[in-house]
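Here's a quick walk through a model, written for someone who likes to know the cut-offs behind the words. Have the viewer open as you read.

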Amino acid sequence: QVRLAESGGGLVQPGGSLRLSCAASGSIFSINRMGWYRQAPGEERELVADITNSGSTNYADSVKGRFTISIDNAKNTVYLQMNSLKPEDTAVYYCKLGWTAMWTRVYREAWGQGTLVTVSS
């Protein structure tokens, strides 16, 4: 079993900053990639940013230059630093983990429960 513990969401004014964290624990042989997705009401879930265990990153165009994703391999934790937040960034943010299972060496994926980010004055 693998558990994802997300934290850091909340209410922030436009132009403000938030930092999301997602810590993975359980029967993990290795983490292949971790990422953040978001889903606004009535919208599809979309990629915000993801990162491989070697540090290669991928960002949605809408967040480039404002958001930074990073990973602490020793802690199995991914972070999303969000700066210059806009009302359109309001959404539930979900952590996604891609990992190789400890005993089977099979690649698997899992989602966190989501954390709400609200950008409003």
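## Strands, core and rings

Strand 1 and strand 3 run antiparallel to each other and pair over 6 bridges. Strands here are DSSP E runs of at least two residues (helices would be H or I runs of at least four), numbered from the N terminus, and two strands pair if DSSP finds at least two bridges between them. Before going on: this is a predicted model, where local features need pLDDT of at least 70 and side-chain atom pairs count only at pLDDT 80 or more, while totals for chains, interfaces and linings use all residues. Residues are numbered from 1 along each chain as its sequence is written, and side-chain values use heavy atoms, with hydrogens and water left out.

Back to that pairing. Across from S7 you'll find S21 in strand 3. The sheet they belong to is open, has 4 strands in the order 1-3-8-7, and is antiparallel in its pairing. Its edges are strand 1 (2-7) and strand 7, each pairing on one side only. On average, neighbouring strands of this sheet are turned by 15° against each other, direction ignored; the axes behind such angles are lines fitted to C-alpha atoms (for helices, over the stretch in contact), with angles between N-to-C directions running from 0 to 180 degrees.

Now for the inside. Which residues have the most contacts within the largest nonpolar core? They are M34, W36, L80, M82 and Y93, in a core of 32 residues. Two or more residues come from each of strand 3 (18-26), strand 4 (28-39), strand 5 (46-52), strand 7, strand 8, strand 9 and strand 11. Strand 9 is the top contributor, with 6 residues. A nonpolar core is a set of buried Ala, Val, Leu, Ile, Met, Phe, Trp, Tyr and Cys residues joined through side-chain atoms within 4.5 Å.

Next, the rings. There is 1 aromatic pair: Y37 and W111 sit edge-to-face, 5.0 Å centre to centre with 70° between the planes. Rings of Phe, Tyr and Trp (its six-membered ring) pair if their centres lie within 6.5 Å; planes under 30 degrees apart are stacked, over 60 edge-to-face, the rest tilted. Because Y37 is in strand 4 and W111 in strand 10, the pair ties together parts 74 residues apart in sequence.

| Charged residue | Ring | Distance to ring centre |
|---|---|---|
| R45 | W111 | 4.5 Å |
| R105 | F29 | 3.6 Å |

R105 lies in the loop between strand 9 (91-101) and strand 10. Its phi is near 60°, positive although the residue isn't glycine. N76, in the loop between strand 7 (67-72) and strand 8 (77-82), is another non-glycine with positive phi, near 50°.

Is G114 buried or exposed? Its relative accessibility is 17%, so G114 counts as buried; the cut-offs are under 20% for buried, over 50% for exposed and partly exposed in between (1.4 Å probe, protein chains only). G114 is in the loop between strand 10 (107-111) and strand 11 (115-119). Neighbours within four places aside, G114 contacts E6, V92, Y93 and Y94, with contact meaning heavy atoms within 4.5 Å.

Note on methods: A charge sits over a ring if NZ of Lys or CZ of Arg is within 6 Å of the ring centre and within 35 degrees of the ring normal.
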